[in-house]
Structure formats: structure tokens, C-alpha cells
Amino acid sequence: MSIEIRNITKSYPGYTALDDISLSIRTGELIALLGPSGCGKTTLLRIIAGLETADKGSIILEDKDTTNLPAREKNVGFVFQHYALFRRLNVFDNVAFGLNVRPSSQRQSKSEIRDRVMHLLQLVQMEWAVKRYPSQLSGGQRQRIALARALAVNPKVLLLDEPFSALDAKVRLELRRWLRKLHEDIHVTSIFVTHDQEEALELADRIVVINKGKIEQLGSPQEVYDHPANAFVYNFLGNVNVFQGRIRNGKVVIGDHPVDTPHLLDGHEEKNGQAFIRPHEIGVSRIRSSESDLVGKIRDIRIMGSQIGLELETTGFEKLIEAEIPRDTWRNLQLNRGDEVFVTLNKVKVFTGDYEI
Amino acid sequence: MQTSTTRQTATITGSRSKDPIAVQLLLIALTFLFFAGFIFMPLALVFSQALQKGVQLYLDSIREPYALEAVKLTLITAAIVVPLNAVFGVTAAWAISKFSFKGKTLLVSLLDLPFAVSPVIAGLIFVLLVGSRTPFGSWLGEHGIKIIFSTPGIVIATLFVTFPFVARELIPLMESQGREEEEAAITLGARGWQVFRIITLPNIRWGLMYGMILCTARSIGEFGAVSVVSGHIRGMTNTIPLHVEILYSEYNYTASFAVASILVFLALTTVAIKGAVEKHVHNNQ
């Protein structure tokens, strides 16, 4: 079922949560609403579900305007950050809830409900827990039950509000992959809210980056990551070094060091700009490979797993540079704290104000 | 890190074990003394006074028609007041904890009013409002409705004095439980009444029970507000506490204490139920 969000605006006393948001989502897509906390992403999700009302704008599901439908008639599955399982009901009754509360004319028979619940529990691999109570389950298990409960009523769309953020790192990763697979199997149009860029990049077909109630960028994970539309998106998607510089003679000058950029900056008048460099796009070497290499001193080495993080102090740059190199490179170069190395800035992106140039 | 944690634990256990045993004993003894002086002794006195002139007189005193009428009126009042305040308390707690609206802070503060004002004043307010000399009261009188100096007045005064108990008990509980379960139920297609019956009520039932017990205890024992609106008509508008007071002021000590012992008995029963409920709530968490 496609979702059409048109000019949704919502303000609270003192701030605007959503400022004229429009977005269309195709049938079967898995969309991430990504943004910092307080950016309005959860509000948008709750408006689609009918748990909040927008001040302006409309929500169209398939071809039907559902803006003013009460939440219980929207037929939208909602998964909450803290699961919101019914604590006094066991797993079976939790999943069966949506089927049991239907008016008797539309209600399925007891055995049909039972079959449906068992099918869903199988789908979320929790059929063994049918008699358990929510308090007897782990966070990851509870969230699976919450998902089964939401799917039980055959929702037109599935909305997930930070579904994994209350889980620990390992379970989060596992459940994320599992959800991706589940989505491929059942293909219900889904929107999930997250502040975790990694989660959005890994899971979503398309990412909507939201900041201060506005959409900053909309695109596939690759587009958003490789071609951030503006400084905010660049900053928000992954670690990044930011340096204040000045654009002069087609180059950006940071401190007193002119840095090569992939694009020509000719024709731009001299002005201030911000240079963005991702840590993994910084090369470190014992040998100078080009004139523009910087000379840096390793201040700190952090072992982060497969990657090694380096803090580099360079002459001319007012801040330490964060670099990430593969473990093998680190081992081959035999780098130690205090060593002098040559630093290559491979991919520098420059924005002035909020615009890329 | 490791060492600092160990050290911290060490200081905590150290300070606890350093607490001299004499101080502990003294504090425990003081608590017991206080209980003995202010609770056990008076309780024992009530029963010894009541039984001073023999079991027969005690039984006669509590079986006397006026005493029975007083017990009946007290129980009727509680039977009306407690369910009404339960409904009111759930409604108020629901509104306050699950919605945000203008005047919410004011409502929460007003909820404490019956605790803050003296019950006598509460009674007086109703006399001034619906007493026979007021326009509203005389209008009611013309239509044959008597509130002051009759059962409705006693019920209203008791309602007022006891209405915060249930709401006060439920607001923190419902606030801590949040709205998510109800929201989940709504998105799954449940109607308001279904949400309340299947989700909300089971979640708050023990808190509700606890609030209702406190409400019962207070409505049985209420003296001040009821005293003002009752008129002390024996056999008609006398509740147990009022009857005790009348007997006492007539120097009929034995009968007075005998009737008081009923009150004590009712109070002890409520405390016992309260204890059981508390234990259950504790086990449930």
C-alpha cells in the first residue's frame, strides 16, 4: 500500500515539530526516517498512525484520505520503542488482541484466530513462548512479539518507532538483519524511525533525513551516504572531520594549508567554507606521496575492531584529525604513538553556509 | 576503577557495621514504646472499658437499636461513597495522567483540597450551600428534598472528604505505566471501552483496590464534616463516630466504648485487607 504524505505541519507551543513535510512512499518499500532526537520523525510516524493529529496537511493511504480517520480505523501496524506489550496478557493473547477486539460480525472463529496467531509466532520464531508473559521475555523477544501482534491484523502499513534502540548492540544487529529478511518475505510497506545512521543505511530501501521538522535529503542509502545534500546530512551520516577554511584560488585553505578538492572551486569569490573529510578517507603513510600531503604526528591510537582509529596532530590545522585505517595497514606500517607520518586527504567536501560547492 | 569500587563497598559496609548495637536497640525500643503508648494501649483501653461492666452489658450496648441504626447508616454511607469515589478517582486519574490539557496543574492541586481543609469547614460549606436557609436549600425543601440533617448530606460530606484517595493512589501508577499499551490497543482496532476493560483496568486493579480500602476506612471513621451536616438525630442521622460521641457526652462510658470497639474492629479489618493487598502489589512488581 502506497503512502502519500502531503504538506504535514505540526507545531507545539514553542516549536515546530514538522514544517510542511511532503513525501511519497511506494508499495512494499522499507523507508527509514533518520534524524537526531527531537527532529520530528516520531511525530510524523504518530501522525500517520493517527495517534497525533496534524495541524495541516493530509495522509493518503493507497488512494484513500485517512487524515481524519481515528487511529483504530486506520489499520496501521505500530511497533513501539519499548514494545508496549500488554503486561497482563500472555504472548498468545497479546498477538490475538487485534483479532479478538473486532466486532462480532467481523471476528474470525476461535480456531481461525488460533491458526493465525500460531502462524505469526512461527514467522517471528517465538512459537515456544505462547504461554509466557511479557515480563518473562528478553527485550529482543518482546520486540518480536510486538511485531507479530502488529502484523496479526494484516495492516496496510507497518510503522516502527525506534524499534531496536532499547536493545543491546548484538541483539540489535541480529534483529535488524532478521527484520530485513522478514520484510523481503512479507513485503508490507514499512516506515521505521531511527537516530542510528548505520541502522538506516543497512535496512532501508530509501532514507529520509529529517532535521528540525524539515526533510534534508531523500534517497537510497548509497546516494545519501556518498552524495550528502548538505553539511547537516554529511555530519549526521557517520563520523566526519570538520574544518573551518577559506576558499581561495580554487582551493580550500585550512589554516595555511591549501587542500585539493575533487571539484574545482574556480570562479568562486574568496569566502569562508567548511571542509568535511570522513576518517576512512584519510590516508596515512610513511612515505610522502604528493606535494599536498600533510605532516602529522600520531597522538593516540584506538583499536576499534577491524579498523584502527588514529588521532593526528598536524601543523597548520587547529584541530586534531581523526583517521581510520584498516588493521592490516596499521600492522604493516608498524605505527606507534608519537610517530611522524604523511597524511593524505583523499576526499574533501566543501560547503559554504549550508550549500555544497 | 576496580579499586575505587572495592573501596566504596568497603566504606559502606564499614559504616554499617560501625553503627553501635546500642543505637540500634535504642531506636527499636523507642519505636516499640511509641507504638505501645499511642496505639496498643489506647486499643486495649477501648476494649477493657467496653467490657468493664461485663460481656452482657457490652453486647446490649452494641445490640441496642440506636447503635444498630448507626452501624447501618455508616455502612450505607460507605457503600455509596466508595464506588462513587472509585469511579471519580479512575476518571480523574485517567484524565490527569494520560492527557495534557489546560488547567491540569490546577486540577492536581485542587485534588488535595479535601485533605488540606478541616473536615468541619467542609461540612459547613455544604450547610451554607444547601442548608434550609439558603435559596437553593429552600427550593430543594419545597420539592421535598432534604439534604442537610439527613442521609444525602452525610453521603455528600463523606464523598467530599474522601474523594482524593483513589485518584491520589492511581495518578502516579498510571503516569509510570504511560500511554503506550493503550495506544497499541487502539492501533490494533480496540474501542475505548475495550481498551479500558482489557488493558487499563487490569493494570491498575491493585492500586485501585488500595485506594478504595483507604477510602472505606476514612468514610467509616469520618467525624468532623459529618457532624456538621448530620444534626445528630438518634436512629436517623447518627453514624458510628457520632453515636460514640453522643454516648460519651452523656457519661455513658461503657456503651460509648462498646460502640467504639465496633469502629476499632472495622478499622482493624481494613488494615488487615490493606496489608494483604500491599503484599500482593509488592509480589506483583
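Arg331(A) and Asp328(A) are both exposed, where exposed means over 50% relative accessible area, buried under 20% and partly exposed in between (1.4 Å probe, protein chains only). Their side chains meet in a salt bridge of 3.8 Å, N to O, a term that requires a side-chain nitrogen of Lys or Arg within 4 Å of a carboxyl oxygen of Asp or Glu. The two residues are 3 residues apart in helix 9 (residues 327-333) of chain A, and are thus separated by about one helical turn.

## How the model is described

This is a predicted model, in which local features need pLDDT of at least 70 and side-chain atom pairs count only at pLDDT 80 or more, while totals for chains, interfaces and linings use all residues. Residues are numbered from 1 along each chain as its sequence is written, chains are lettered from A, and side-chain values use heavy atoms, with hydrogens and water left out.

Glu202(A) forms a salt bridge with Arg176(A), with 2.9 Å between the closest N and O atoms. Because Glu202(A) lies in helix 6 (residues 197-203) and Arg176(A) in helix 5 (residues 169-186) of chain A, the pair ties together parts that are 26 residues apart in sequence; helices here are DSSP runs (H or I, at least four residues), numbered from the N terminus.

Arg176(A) counts as buried at 3% relative accessibility, whereas Glu202(A) is partly exposed at 32%. Both belong to a network of salt bridges that also includes Arg177(A), Asp196(A) and Glu198(A).
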